[in-house]
Amino acid sequence: MSPPLRAALALVRGWTYLYTAGMAPALRDARRAEIESDLWEFHEDTRRRGYPPSAIGAHMLLRLVLGTPADLFWRAEHARFPSRIVQDALWVTAVASVAFVWWLASTLQALEPPEGMRRGGIDVMRLVYPFQRITNVPSPPPTPYEFARLTTTRCLIVRLLPPPPPPQPASR
Amino acid sequence: MRRKQGTLVPLELAICEAAAGLRSRGIDEFHGYEIAKTIGDAADSKLLTAYGTLYRALARLEKMQLLTSRWEDPAIPARENRPGRRLYTLTALGDDALEDAGRTLEEPARAHRRLAPA
């Protein structure tokens with residue numbers, strides 16, 4: 001097993017262990033076993049179909065990252081926290097992770113699959129930004145700072161400016 | 001935004017459709033990865049449904065009683081040297097929900113066809 005694949009497996013297992021920690025044993029063990037089964041099936045299936053280990057690892061990581069908001073929401077749904085503050089913090093983290101994943105998803109670019117693997121169901125995707133600017137689209141996605149600035153400015157403009165005047169009839 | 005009571009979100013609908021599709025091919029029980037792969041193939045998607053999204057949706061469908069699940073006999077994975085699978089089945093209620101969703105999707109299309117000029 002290659003080091004990238006081993007690292008991806010460790011990350012998925014580690015994250016699953018983390019977000020299920022402290023839950024009711026039946027629920028916790030069921031989720032961990034289910035993820036473990038999925039990892040095994042996915043690994044075996046893609047290996048049989050001849051995908052390179054690095055591609056399998058990258059796909060696992062993407063499935064992990066894109067699912068983290070759902071993991072946190074699921075955890076919050078089943079939370080048994082004594083403190084309301086902790087529970088609220090979990091919800092806030094979940095919402096923040098949705099924003100992060102949305103931003104991440106907007107920066108992903110699919111790689112062209114190799115010939116003969118076009119209907120395989122999995123492909124490698126890579127992070128284009130911030131490591132490399134997208135060159136084949138006219139406007140690259142904004143950085144988080146730019147995004148926040150633009151959003152704030154737009155909100156302020158909508159709130160402060162009066163509505164635009166109705167269109168005037170064309171004069172002859 | 002809260003969803004309407006009893007309605008299915010697109011992923012839940014996709015899971016029920018994929019489960020019905022598997023059953024029509026003689027596969028009554030399916031595990032998580034199998035359903036993710038079926039959905040991915042049907043949508044011609046490059047990426048399989050994320051772990052968290054998939055298993056949260058499956059849990060929700062089970063809570064809504066549209067799916068039932070059981071863990072397979074531990075002797076089987078022990079013999080095949082792999083982790084045990086949680087096997088899901090589409091219930092009669094799941095079939096009904098799928099039919100209802102199909103009707104809901106079909107109605108606007110039918111109305112559009114009726115209204116569209118010939």
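This note goes through a predicted two-chain model, from confidence and conventions to single residues.

1. Conventions. In this predicted model, local features need pLDDT of at least 70, side-chain atom pairs count only at pLDDT 80 or more, and totals for chains, interfaces and linings use all residues. Residues are numbered from 1 along each chain as its sequence is written, chains are lettered from A and ligands numbered from 1 in the order in which they are written, and side-chain values use heavy atoms, with hydrogens and water left out.

2. Confidence. The predictor assigns the complex an ipTM of 0.83 and a pTM of 0.68.

3. Chain A overall. Chain A has five helices and two strands; helices (H or I, at least four residues) and strands (E, at least two) are DSSP runs, numbered from the N terminus. Their order from the N terminus is α-α-α-α-β-β-α. Of the 172 residues of chain A, 36% are buried, where buried means under 20% relative accessible area, exposed over 50%, and partly exposed in between (1.4 Å probe, protein chains only). Chain A exposes about 10800 Å², with 66% of that supplied by carbon and sulfur atoms; accessible areas come from the Shrake-Rupley method with a 1.4 Å probe, and for residues only the protein chains shown count as cover. Among contacts (heavy atoms within 4.5 Å) in chain A with a separation of 6 or more, 57% join residues 24 or more positions apart.

4. Helix H3 of chain A. The 25 residues of this helix, 53-77, should span 36 Å at 1.5 Å a residue, and the end C-alpha atoms are 35 Å apart, which agrees. The expected span is 1.5 Å times one less than the number of residues. H3(A) is mostly covered, with 18 of its 25 residues buried.

5. A:Ser2. This residue sits in the segment before helix H1 (3-20) of chain A. A:Ser2 is buried, at a relative accessible area of 19%. Leaving out residues up to four places away in sequence, A:Ser2 touches A:Pro53 and A:Ser54.

6. Chain B overall. Chain B contains five helices and three strands, in the order α-β-α-α-β-α-β-α from the N terminus. Buried residues come to 38% of its 118 residues. The accessible surface of chain B is about 7100 Å², of which 53% belongs to carbon and sulfur atoms.

7. Strands of chain B. Strand E3 (86-90) of chain B is largely enclosed by the rest of the structure, because four of its five residues are buried. E1(B) and E3(B) run antiparallel and are joined by two bridges; strands pair if DSSP finds at least two bridges between them. In this pairing B:Phe30 stands opposite B:Tyr88. Strand E2 (67-71) of chain B also runs antiparallel to E3(B), with five bridges, and B:Trp71 has B:Arg86 as its bridge partner.

8. B:His31. Where does B:His31 lie? B:His31 is in the loop between strand E1 (29-30) and helix H2 (32-43) of chain B. B:His31 is buried, with a relative accessible area of 7%. Not counting residues up to four places away in sequence, B:His31 touches A:Glu41, B:Arg85, B:Arg86 and B:Leu87.
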